[in-house]
Amino acid sequence: MSKKQLASLGAAEAEILQLVWELKEATVQQIYERLPKDRGIAPATVQTVLRRLRDKGYLRSRADGKAHVFSPSVRPETVITKTVRDMVNRFFGGKAAPLMLHLAQSEKLEKDDLAQLRKLLDSEKSEGEK
């Protein structure tokens with residue numbers, strides 16, 4: 001499934017997908033055990049979310065005895081790119097600069113982060129001059 005066809009993720013879906021990425025492959029029980037206990041999420045809910053992620057194209061599954069083993073079918077970078085692009089389109093009119101300005105003004109950026117941004121901007125500037 002191409003990244004353009006991927007449906008948006010809800011918060012619970014994103015959290016569970018992150019756990020599958022970390023584990024590389026996982027059963028419902030393994031995911032359930034990794035979730036914070038204070039969340040009060042039932043194993044049946046975890047199973048429903050995993051199936052929904054599979055149906056949306058984010059995961060694949062295979063049977064292993066009575067259990068289903070889920071594994072990622074898309075890379076984290078693909079999902080991050082799509083999610084950020086969707087957010088920029090929805091909240092910033094498709095322009096990344098207002099998002100970057102908002103983050104720079106509202107978040108405490110570490111010196112290392114600022115240095116990386118400067119390096120990126122400098123490389124973009126020199127590319128534009130060629």
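This is a predicted model: local features need pLDDT of at least 70, side-chain atom pairs count only at pLDDT 80 or more; totals for chains, interfaces and linings use all residues.
User: Which residue does R39 form a salt bridge with?

Analyst: First the general idea: side chains of opposite charge can pair when their charged atoms come close. Here, the partner of R39 is E15, with 2.3 Å between the closest N and O atoms. This pair ties together distant parts of the chain, since R39 lies in the loop between α2 and α3 while E15 belongs to helix α1, 24 residues apart. E15 has 26% relative accessibility, so E15 is partly exposed too.

User: How many salt bridges does a search of the whole structure find?

Analyst: The search turns up 8. Among them, E22 pairs with R34, with the closest N and O atoms 3.0 Å apart. That one joins helix α1 to helix α2 across 12 residues.

User: What about E25, which side chain does it meet in a salt bridge?

Analyst: E25 meets R62, at 3.1 Å from N to O. E25 is in the loop between α1 and α2 and R62 is in strand β1, 37 residues apart. With 41% relative accessibility, R62 counts as partly exposed.

User: And which residues are linked in a network of salt bridges?

Analyst: That would be E13, R52 and K56.

How values were computed
Residues are numbered from 1 along each chain as its sequence is written. Side-chain values use heavy atoms; hydrogens and water are left out. A salt bridge is a side-chain nitrogen of Lys or Arg within 4 Å of a carboxyl oxygen of Asp or Glu. Helices (H or I, at least four residues) and strands (E, at least two) are DSSP runs, numbered from the N terminus. Buried means under 20% relative accessible area, exposed over 50%, partly exposed in between (1.4 Å probe, protein chains only).
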